[in-house]
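Trainee: Could you walk me through this one?
Mentor: Gladly, have a look at it and then ask away.

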Amino acid sequence: MTERILPVEAAIAPEQGERIFVASQWQLMWWRFRKHRLAMIGAVAIIIFYLAVIGADFISYSDPEVTEANFSQMPPQPVRLFDGGAFRPHVLGVKGARDPNTFKRVFQTDPNVKIPLRFFARGYKYEFLGIIPTDRHLIGVDEGRAEETIFLLGTDTLGRDLWSRLMAGTRVSLTIGLVSVALSLFLGVLFGGLSGLYGGAVDTVIQRLIEILRSIPTIPLWMGLAAGLPRNWTVLQVYFAITIIISLVGWTELARVVRGRFLALREEDFVMAAELSGCSQWRIIFRHLVPSFMSHIIAATTLALPVMIISETSLSFLGLGIRPPAISWGVLLQDAQSLQSVALSPWLLIPAIPVIAVILAFNFVGDGLRDAADPYGV
Amino acid sequence: MSGGDKQPLLQVKNLRKLFPIRKGLLRRKIGLVRAVDDVSFHVEEGEALSLVGESGCGKTTTARCVLRAIKPTSGEILFRTEEDTVIDVSGLSRRELRPLRSQMQMIFQDPVSSLNPRMTLFDIIGEPLQVNGMRDRQQRIDRVEELLRLVGLPPEYLQRFPHAFSGGQRQRIGIARALALNPRLVVADEPVSALDVSVQAQILNLMLELQQQFGLTYLFVAHDLSVVKHFSDRVAVMYVGQIVEMAPSETLFNAPGHPYTEALLSAVPQPDPRLRSRRAALQGDVADPANPPSGCYFHPRCRYAVDICRVEPPKLEELDKDHFVSCHRAHELTLEGVMVGTRAERQPIAGAVSQVSSKA
Amino acid sequence: MENEEQPILSVRNLKTFFFMDEGTVRAVEDASFDVEPGKTLGIVGESGCGKSVTVRSILRIVERPGRIVGGQILLYRNAAGDRPGHVDLTQLEANGPEMLAIRGDEIALVFQEPMTSLSPVHTIGNQLIEAILLHRQVSRREAREIAAELLHQVGIPRPAGRLEEYSFQLSGGLRQRAMIAIALSCDPRLLIADEPTTALDVTTQGQILDLLRSLQEERGMAIILITHDLGVIAEMADDVVVMYLGQTVEKGPVDDIFHAPKHPYTQSLLQSIPSIHSRPRVNLPTISGSVPHPYNRPSGCPFHPRCPEYIVGTCETRAPSLAPVGERQEASCFLYEDA
Ligand SMILES: Nc1ncnc2c1ncn2[C@@H]1O[C@H](COP(=O)(O)OP(=O)(O)OP(=O)(O)O)[C@@H](O)[C@H]1O
Ligand SMILES: Nc1ncnc2c1ncn2[C@@H]1O[C@H](COP(=O)(O)OP(=O)(O)O)[C@@H](O)[C@H]1O
Ligand code: SF4
Ligand code: SF4
Ligand SMILES: [Mg+2]
Ligand SMILES: [Mg+2]
């Protein structure tokens, strides 16, 4: 070429260097996502939540199913960290009794009975990750049973430990969200992809189907479907039925995103360039189209997850989803349904906190991902 | 129509592309956009034919039909292959087209959208090689490096992503990709309109040099007449889906035969204040291709229009050798081109040229 | 500037920066120019060189995180007028009453993109009448008549009917005319047209340029015409400002800029554009490289990485400033600094 070729570094920000020039889409997305403070906080929260899902039994100290009639409706119990200046976490012994006049249950702490908390103590038996049998728990007590001594978040009317039940509920609610979203994702990508790829009549039919599904009010739809579940189904059967019911509506949003991206991308010149250089249809889809909307799908999925979780919680809260003895956030909140029990034991509302926290966290992360999803669109 | 005894590289006959206008829930067809309406032209091997015209006149659609990025409604697109056989590509299926793809390539207008932001230069430029049978990675690396050097980019940039490059550089990458398979016909759709003014010249120079080096044939789409004049051997002027004039570049710019061409030429602002034209600009708007006027489509804006123009559509006829015009009054009108006076007298930006060259 | 005639607007060493998370974009680094009454000033420069930000600064409508960080924008008023003297627009409150009055009555802007600057949910007539009612003491009925008259003046056929139409029903050229009509509604002394024809075809561009020219003749207003098209500048401008990376690199009368350009950037730019009159199919002289990324302003003279006349040791260390290179011509380049 006749023209002088300039060092291109001079023309583009040199201080940022080679790193950015060879940065792949995921790196660019990460760099952008990292700047989103709320999203980062949300991401950490979500990681903590899912760690709790994995180690639910380990973090619990009481068997969530065990009822202790003598310790029902215990208020949350403070943990004392220091004993005479030294770090020695302990709780005080409690005795339950009934007030002879009001018949209310009253608890008396005994400041002389100091029960030290132990880390990695033995407790009830469970299988870690469903395979490794063990009885170690993060905290516990040496003498006596944890069920009768530790009540971090108090107990419910049947005397079951709320902290341990919350962990069990977290496991169910958060996995149900994941399974439903996976199912929605599959349906969404399948139908959205077909719609965007073939267009024409296929597109019209799928779009109408989506519109019809979306125009039905979801709560009555879910209620109808869930109410139809046979009463004698096992916990596992109900669990899967609920995921299917939830994803039935959830996929439409994802299908919409996939189709939209598909249609937009098909207009991009680089897709035409690939076509003109002789690429096959499959190569265009998997080499050009899918990687281009992957990030958008991930963002949309993250935003869909809280909806799934809320759906499960509300269904179960209404008594139509997961049913006791299985435990989920909705089931836990069901205990707080009556004004009376809330007035008597307000700590039963505690399970609402993780629900709110996880919904916010997912929304923050989803927003961050959505902003970062297209690191090239400036 | 063809100049030599050989069949032209590309011959388009009576090309038509109609787009349905759909409306309503059931997407009923309520009309047709006549985007390309009976267009015929040919491109000789090694020449550059430009398509010019106002926005929406069907240039891009014509170019895309030729490359079979879209399927024409009717007409023939005769392409002479490497083996000297002439194939009508207008009706071929995807599969039948694939072996021909390597011989015709495209350079795009938008330097951003034409490169997949998620692929490295090696993947972008190497893709045509890979899908056309060059399986060996090292071989591809060598070829991509060679192509990068050819378009004036350092070969070390192989592993970079498009976002590391400016508009002009991206356009070079697009050119490298188009050249990867040694095409014979290159369709360039407004390759410089999205570029900074100071970078346009670099790309035009590069394309002209590559043409000389490889004997490329260009179908060049543009709306900037100065660029067209600079770039092409022959020019076809389009108006509402039809070619209204086609001639060698020099003829078209000096002695246009169609009133629309004259109007276009006079509308181009000259980069020289001493040439300020006070000629009246063309009035009115471009006709709607879904609902064109009767007779000559240009008649509502034509200052030479007579009665017959309103009823009878003119045909594209040969005015002089190689000079085709579609106007009832082509023979009687003497229209004004851009060369008023000799070029030596004008030397529009002589000041600048002499100043810098004396210093250089 | 010691012209006998006082300019109506004088921009001196304007600096407008955008303070972003990623760094500071020096959109306008050192812009200086004067607008003479009744004349057309052309501002030319490549995309991203700060033309739009300059006029947005004049009107004080720079969006956050942008801010004017230096310089003066002096708006002069006729000594005989009711508000004599001059006022520095950079010192006014961006949305204060004084600035609002200036934006309404003295300076009007026609935007680059007509589609996005006209409201899609109001008719052309409504928008025009609102603008008239804002600036003139007339009844709605009179405003309607003035609106129709304005549309007629900007060459829109069937003006009465068009008042009822929405912007998306108009073609690009008509839309730009409607924008101009709205800008004219306050009878401005200065009309700023930011790339008014970039989105249009040559033929439509010709119509709009003709319109601007005849309006100027009728009303005697000054125009700042912004474009990246040197042809449009040559056709329209009386004086020209050439900008590169936020700086005025050269300014002067249009004939001098085109026939005796002094700054290497102006010179190379003029040579590199193909013209209908130049010889076809020969290599065009080019400017090497490309416009730098705005985060990455070169040190010293911003043009030095691409400059064919680059003086090693000087140009990359010190920034040149505007100095006279002719009778009314100024350039910002070390080649002329000591001469
Ligand atoms: N809102 C904004 N935020 C950050 N940077 C901005 C903003 N507006 C403009 N800029 C930057 O300021 C510089 C000048 O922009 P400006 O819009 O004035 O350019 P221009 O000459 O008008 O170009 P164009 O021809 O593309 O309109 C550019 O680098 C641009 O990226
Ligand atoms: N996919 C499409 N569907 C409907 N109309 C189209 C489509 N593509 C182009 N057109 C119409 O065809 C005409 C010619 O378009 P095009 O060739 O893109 O114009 P140009 O390239 O000259 O700007 C225009 O009226 C345009 O609106
Ligand atoms: S045919 Fe008539 S209307 Fe059409 S261009 Fe010729 S003179 Fe004008
Ligand atoms: S100051 Fe130096 S680098 Fe800048 S334009 Fe002048 S000669 Fe070129
Ligand atoms: Mg086009
Ligand atoms: Mg601008």
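Trainee: What should I know before reading any numbers?
Mentor: This is a predicted model, in which local features need pLDDT of at least 70 and side-chain atom pairs count only at pLDDT 80 or more, while totals for chains, interfaces and linings use all residues. Residues are numbered from 1 along each chain as its sequence is written, chains are lettered from A and ligands numbered from 1 in the order in which they are written, and side-chain values use heavy atoms, with hydrogens and water left out.

Trainee: Which residues are around ligand 2?
Mentor: Counting a residue as near if one of its heavy atoms lies within 4 Å, the shell includes Phe19(B), Val33(B), Glu54(B), Gly56(B), Cys57(B), Lys59(B), Thr60(B) and Pro289(B).

Trainee: And which helix or strand gives the most to that shell?
Mentor: That is α1(B), with three residues; α1 (59-66) and β2 (28-43) of chain B each supply at least two, where helices (H or I, at least four residues) and strands (E, at least two) are DSSP runs numbered from the N terminus.

Trainee: What polar contacts does ligand 2 have?
Mentor: Taking a polar contact as a pair of N or O atoms within 3.5 Å, a polar side-chain atom of Thr60(B) lies 2.4 Å from an oxygen atom of ligand 2. Backbone atoms take part too, with a polar one of Gly56(B) at 2.9 Å from a ligand oxygen and an N or O atom of Cys57(B) at 3.4 Å from one.

Trainee: How much of ligand 2 is buried by the protein?
Mentor: The protein buries 61% of the 560 Å² that ligand 2 exposes when taken alone, with areas from the Shrake-Rupley method and a 1.4 Å probe.

Trainee: Switching topic, what is the strand order in the chain B sheet?
Mentor: The order is β2-β1-β4-β5 in an open sheet of four strands with antiparallel pairing, two strands being paired if DSSP finds at least two bridges between them. The edge strands, each pairing on one side only, are β2 and β5 (86-88) of chain B.

Trainee: How many bridges join β1 and β4 of chain B?
Mentor: Strand β1 (residues 10-23) and strand β4 (residues 74-80) of chain B pair over five bridges, and Arg16(B) stands opposite Ser74(B) in β4(B).

Trainee: Where does α1(B) lie?
Mentor: Helix α1(B) lies across β1, β2 and β4 of chain B, at about 115° to β1(B), where contact means heavy atoms within 4.5 Å and angles run from 0 to 180 degrees between N-to-C directions of axes fitted to C-alpha atoms, for helices over the stretch in contact.

Key: Polar contact = N/O pair within 3.5 Å; in protein donor to acceptor, adjacent residues only side chain to side chain.
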